[in-house]
Amino acid sequence: MCGIAGFTRFDTRWGNEATLRRMGDSMSHRGPDASGEYLDEHIGLSHRRLSIVDLSAAGNQPMTTTDGQAVIVFNGEIYNFPELRADLVDRGVSFRSHSDTEVILALYQLEGIGLLEKINGMFAFALWDKTIETLFIARDRIGKKPLYYYLRGNDIAFASELKALYELDDIPRDIRLDAVYDFFAYQYIPDPKTVFEDLFKLEPGHYLKVSRDRIDNRPYWKLSYRQTENEVEAGAESELLRRIDASTRRRLISDVPLGAFLSGGVDSSGIVALMANASDNPVTTCTIGFDDARYNESEFAQTVADLYRTSHHRFTVHDNVRDNIDEIVAYFDEPFADPSLVPTYFVSRLARQKVTVALSGDGGDEIFAGYEKYAVDYLENRLRSCFPRWLRESLFPTLSRLAYRINLSPFRRAGSLLQSLSHDPAMGFYLSNSQISDRTWRQLLRPEIARRLGDYHPSRITTDAYHAADGPDHLSRILYTDLKTYLPGGILVKVDRMSMANSLEVRAPLLDREVVEFMAGVPSDLKFRSGDKKHLLKKAFRKLLPETILARKKMGFSVPLASWMRGEIRDLAEERLLHRDGGLVDLFRPEAIASLWHEHQSERRDHANVLWSMLIYQMWWDRYASAEKNA
C-alpha cells in the first residue's frame, strides 16, 4: 500500500526530481517506510512505500526491469501474485525480490496490458515502457485504490491524491458546479469528476494509455448481472463460502502484523471467523463504540470476539470529534461528507497501534443486498405497481407537496414516498437516497448559480448507471448502480483515506473479483428473499456465526450526527456556516443557510445531513480552495 505520483514530459516540463519529491512528500502518510523518484527525458515517477510484503530494499520503488526498458510505481496488493510468480518462474523468469510489484513488471514484459486480465487485487499503477515511449496507468476493477489525473495537451500528471497535483505549477482550481451539486446529493463526488473542472479520477476497471501523439481511456472489465436461473441454492451457498474463504486466506499473506475490523455485523463477523479458522494465533480485532446506544454495536462485536477468542480492542468515541475534525477532513482533497468517516478514522487509528494490515467486511451490503434501502425500495416498487402511471404522475406530486407542508415526521415521510412513487424505478431509487431534496436545494441556491447549472441534475449519475445494467430485474439493477457509484465513490474513498491517514492497509475479502463476479450471476431471490437481506450470505455463514449475529437488525456504521450538530461541534459549525465570506456563500444565500441552521437548533426539523455536508464543504474550501490557498 503506497502513494504514487508522476508526469509525462513530452511537451510539458512540469519540474524536476525536487518536484517529484514534493509530490511524494505530500502523501507521506500513505507510505512512511521508503521513498524514491525516477526522472528521465520523457517521464517522472514518485513513490512512497508502506512496506507489507518483502520488507527489504529489493521491494522499493520506482522499480525497473533488469533490462531497464520498463519502470513502475504501484499502489496496492496483488493477492494472487504467488501463483502468478510460480507460473512465471516455470516460464523462465528470474526475480530479484519477493514483491508483487516485480510480478506486474514481469507479466507486462510477456503479455503487455493483457496482464490486467490475470491480476486479482486492489491497485493503481503507472508503468512506463521505454521501447514504445508509452505510459500505462490502470486502476482496479472495483475502485479500491484512487488515481487522479490532469491532462495538458498530450501530457499527463497523476497521483494517488489531489494534493500531490497541487505541488505542480499552474494546476487550475476552477470549481466544477455540477460536481458540487453531486456532492450535496450524494455526499461524495462520483467518478470521473472531481470538484475541479480540469482534474479527473480514473474510473474503476479502466486504464489510460498515454503516448506522444494520443491518450486513450479504455475499460478492461465489465460486470454482468445476467443471472443463472437454474442456480441450486445449496450449491450456491457452499460455492459462496468456498470463494469467501479462499479470498480471506489470500489476504492473510503479510510480512507485518495483521488483524481485522470487527463491527459485530454479519460481514465483518464472518471474515473474522474465517480468519480465526485459518490462523494458528488469536486474531487481533478492533471495534468502535459510542455512548449513545442507538449507534453502539460494540456488544455484538464482543460476542464474536469471545466466540473466536480474538485479541480484542475497543475505542469509544466520547467527545473526540471536535478535537479531531479539522485533521480528519484535511485528508480529503475534495468535499466528502459521509459521517461515518469519523468512526472509520478512529478505528483505523486504533488498529494501527496493533497491526499494519486490517481485513474488513466492506462491500458486503452492495454485493449481497444488505442495506435497509433495498428493503424500502422493494416495498416502494410493489406500491408503484399498484397504481397506473398516469395517476402516479398526475396526482402524487400534488399530494407530496401537501404532505410536506405539515411539519410532522410521518407526513414528511409520506411526502417523500409519494414523490418517489410519482417517478419510474430508477428515478425513485435516486429520490429515496438523495441527501438533499430538490426543494431544499432550490431554497439554498443563489439565482446566478442556478442559471449556470442550467438543467443539470445529479440524478443522472444514478439513472445512467441503472439503465447501463444488464440484470433481469430491479434489484440487480440497483445493486449494479451502487457498485458503480456509491461503493467506489463513497465507501471505498472513506476507507482508503481514513486508513491511509493512519498508514494502515485495509483489505476487503468480500470485494474479491471471484466473489463479486459469482454473486453478480446469482439470482436476486437468493440475495433478498421475502424481506430477508443478505439471504445467501447468512446461509453461507450459518455454521460460523450465532443466530444473535445473523438475525440482528442492521445498524450500519452510523453516528449521532443530529446531536453532534446541536452539541459537541455546534460552535465550530456555526462559525463556519454563518460567519464566512467565501465558500458556501458563493453558492448559497446566507439567509437560507441561517434558516436551516436555526430550524435544526430549535429541533423543529432535522437538517443534520445537509448542515453536515455544508460544514464539510466549507472546511474543505477554507483549506484547499480559498483565494489565500491558491495564491
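Colleague: Is Y188 buried or exposed?

Modeller: Y188 is buried, with a relative accessible area of 3%. Buried means under 20% relative accessible area, exposed over 50%, partly exposed in between (1.4 Å probe, protein chains only). This is a predicted model: local features need pLDDT of at least 70, side-chain atom pairs pLDDT 80 or more, while totals for chains, interfaces and linings use all residues. Residues are numbered from 1 along each chain as its sequence is written, and side-chain values use heavy atoms, without hydrogens and water.

Colleague: And how does Y486 count?

Modeller: Y486 counts as partly exposed, at 22% relative accessibility.

Colleague: Switching to rings. How many aromatic pairs are there?

Modeller: The count is 29. Rings of Phe, Tyr and Trp (its six-membered ring) pair if their centres lie within 6.5 Å; planes under 30 degrees apart are stacked, over 60 edge-to-face, the rest tilted. F183 and Y617 make a tilted pair, 6.4 Å centre to centre with 35° between the planes.

Colleague: Where do those two sit in the chain?

Modeller: F183 is in helix 5 and Y617 in helix 28, 434 residues apart. Helices are DSSP runs (H or I, at least four residues), as are strands (E, at least two), numbered from the N terminus. Both F183 and Y617 are buried.

Colleague: Which charge lies over the face of Y166?

Modeller: R173, at 4.0 Å from the ring centre. The rule: NZ of Lys or CZ of Arg within 6 Å of the ring centre and within 35 degrees of the ring normal. Likewise, R251 lies over the face of Y79, at 3.9 Å.
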